[in-house]
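Me: I'm new to this structure and would like a close look at one part of it. Could you walk me through the surroundings of the ligand?

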Amino acid sequence: MLTLAWKNLFHDKVRLVVTLVGIVFALVLILIQFGLFLSFMDTSANIVEHSRADLWISSPKIPHVNGGSPMAESQRWKALQVPGVQRADRFILAWVPWKLPSGAIEQVQVAGFLLDGDMGRPWNIVAGSVEALRAEDTVIVDEIYKEKLGVTRLGQVVEMSGRRARVVGFTHGIRSFTTSPYIFTSFKNALNYSPGMTEKDTVYFHIRVAPGFTPAQVKRSLQQMLPQFDIYTNDEMLSKTRTYWVFETGAGITTLMGAILGLIVGIVVVAQTIYAATVDHIREFGTLKAMGASNMRIYEVILAQAAMSAVIGYTFAIAIAYFVSQGSQGGNAPIALPPQVAAGTLLLAIGMCAGASIISIRKATTIDPAMVFRG
Amino acid sequence: MIEIRNLVKTYGKGSAAVHALNGVDFDVAAGEVVMLMGPSGSGKTTLLSAMGCILQATSGSIQIDGREIVGLPESKLPRIRLEHFGFIFQGFNLFPALTARENVELSLKLKGVSSSQCRRRATELLEQVGLGDKLKTHPADLSGGQKQRIAIARALAGDPPIILADEPTAALDSHSGQTVMELLTALARQRQRAVVVVTHDNRVLHYADRTVHIADGRIANHFEEGRTAA
Ligand SMILES: Nc1ncnc2c1ncn2[C@@H]1O[C@H](COP(=O)(O)OP(=O)(O)OP(=O)(O)O)[C@@H](O)[C@H]1O
Ligand SMILES: [Mg+2]
């Protein structure tokens, strides 16, 4: 039966090509849109994901992590009195202007962390070092944004927030979901770059919970001690930020819609071609039935054809998606292609093609074997 | 082998009803070659399909090896066809994507014969119908007579006790028609297979043990034919 499915599939090459183009188009669309969605999920809150903080204290009612506003540092001692609070480190995240060599201005987000702590630090350092940030007016930027920011080398001096800034390190792959890159520096330097902030201010406190306490526990106690502030667990801050950027801005929904569209296109195209193939081979199916094949054997042939088309189409699609994904990594909208998605898409492809076979299977059930004696 | 009593088949209902078979009595003994003749529309194909379990009769009785099949649920019929019948059609009904050998193998595979056995049996049968050199040829590249010979090999492949053929020579020139009939009857006799052939062609009648005439859905007369040519 499998031989028949395979041979029939390749017998009509034009139809096979049409089917495969449909499948490949649909799968590539699905893979790319979903890959974009995943990378949106990833980049939208990477600064939270990598913070290593257990809890965040923020001014009330912030929409997302990039929307914090300054608050008085003086509450820190209160936080430290709460049982289970091991560290409460200040952290700045603020939007500031960056001057390009051409004189044009780009908005960036300065991220200032405590050099003596271990929270809120940049990750994936590929050149220079965090220690170099102990010097005044020094920053670390990401390689991806070199061109955008007019940075070419370590040691280069640029202008941020009207102050000089010397590039002392590069990270790799710390993207910003917005068009404004993150610029890492020490908390002390960040204060200088943030207009209107003084020694007595911070934007967040990163809280490290002591061993033996859970973040949820400490969050409750902190909330009682500091009712005027909002306390988030790292996960809460993560999902708040993600939800905002990916869902509330519509960016993520658009990609998901794209993926769903791909699925619909795929099902329609594949259903069409598989149905046309079934109708074309109706006499053969009738003959098979006359020869004693049960309906199950006929379904087997139709489903095997669908599955074979799915696997062949998937092979092309994953290759294309892989190259697109590789090519996109340096750009602004990287397309993630984790193995789970690749594997899931194979199942989806088979499911899609099997689903598209349903009307063909219904058709096959109605074949009257007596047709074989006619004409 | 097959005993048909008072078989009725009516297509459609009410004023549109067509009475294709009006009480047919017909027997086929093991190993005999029977020709079924009659004018167009007399019910030959209907009778053949009913005894081959391809068509549900309206009433009457068909017993195959003593087992009643009229009124059996549709789902039981494929198995009976698989075990008892080999079919040969006027239009060949080969699978165009498959080679000659794969076409024959397919009917063996339906019976659950292992791949290597399938291959050996199919090759053997194609050699017997004189197509030993066409094993890997597709039907499109063969003549009508050659296609029908593949169909004969396919019908015989699963070793069914009964071969049913509906006008197997109608699409062939007379020489190929003779060859096909000769092969079919010779191979069937050699294996003790019963064969029922619907035909219009008087020139092939001498291959039969017996010829049955049908008209207006009734058996008209029976008479024995000598086996002179066989
Ligand atoms: N599926 C069907 N629906 C309605 N009527 C049918 C159907 N099949 C056959 N008939 C009618 O039943 C009668 C017998 O048809 P059948 O095909 O058995 O004749 P036949 O002897 O095989 O004719 P031919 O020599 O032309 O093949 C005819 O009147 C035909 O029109
Ligand atoms: Mg007929």
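Reply: Let's start with a term: a polar contact is a pair of N or O atoms within 3.5 Å. Keep in mind, too, that this is a predicted model. With that cut-off in hand, look at B:Ser40, where an N or O atom of the side chain sits 2.5 Å from an oxygen atom of ligand 1. On its own, ligand 1 would expose 620 Å², and the protein buries 63% of that.

Now for the wider shell. Two elements of chain B each give two or more residues to it, β2 (18–28) and α1 (44–51). The largest share, three residues, comes from α1(B). There are 14 residues around ligand 1, and those that come nearest are B:Ser40, B:Gly41, B:Lys44, B:Thr45 and B:Thr46. Sorted by kind, the shell holds four nonpolar, seven polar and three charged residues.

Which chains take part? Residues from both A and B surround ligand 1, so this is a site shared between chains.

The two chains also meet in the largest nonpolar core, which has 93 residues; A:Leu288, B:Leu7, B:Phe26, B:Leu47 and B:Met51 touch the most other members. Leaving out neighbours within four places in sequence, A:Leu288 is in contact with residues of both chains, including A:Met1, A:Ile298, B:Phe95 and B:Leu110.

Note on methods. Residues numbered from 1 in each chain as written. Chains lettered and ligands numbered in written order. Predicted model: local features only at pLDDT ≥ 70, side-chain atom pairs only at ≥ 80, totals over all residues. Heavy atoms only, no water. Core = buried A, V, L, I, M, F, W, Y, C linked by side-chain atoms within 4.5 Å. Buried < 20%, exposed > 50% of the residue type's maximum accessible area, 1.4 Å probe, protein only. Contact = heavy atoms within 4.5 Å. Near = heavy atom within 4 Å. Polar contact = N/O pair within 3.5 Å; in protein donor to acceptor, adjacent residues only side chain to side chain. Areas by Shrake-Rupley, 256 points an atom, 1.4 Å probe, with all protein chains shown as cover. Helix = DSSP H or I, 4+ residues; strand = E, 2+ residues; numbered from the N terminus. Nonpolar A, V, L, I, M, F, W, Y, C, P; charged D, E, K, R; others polar.
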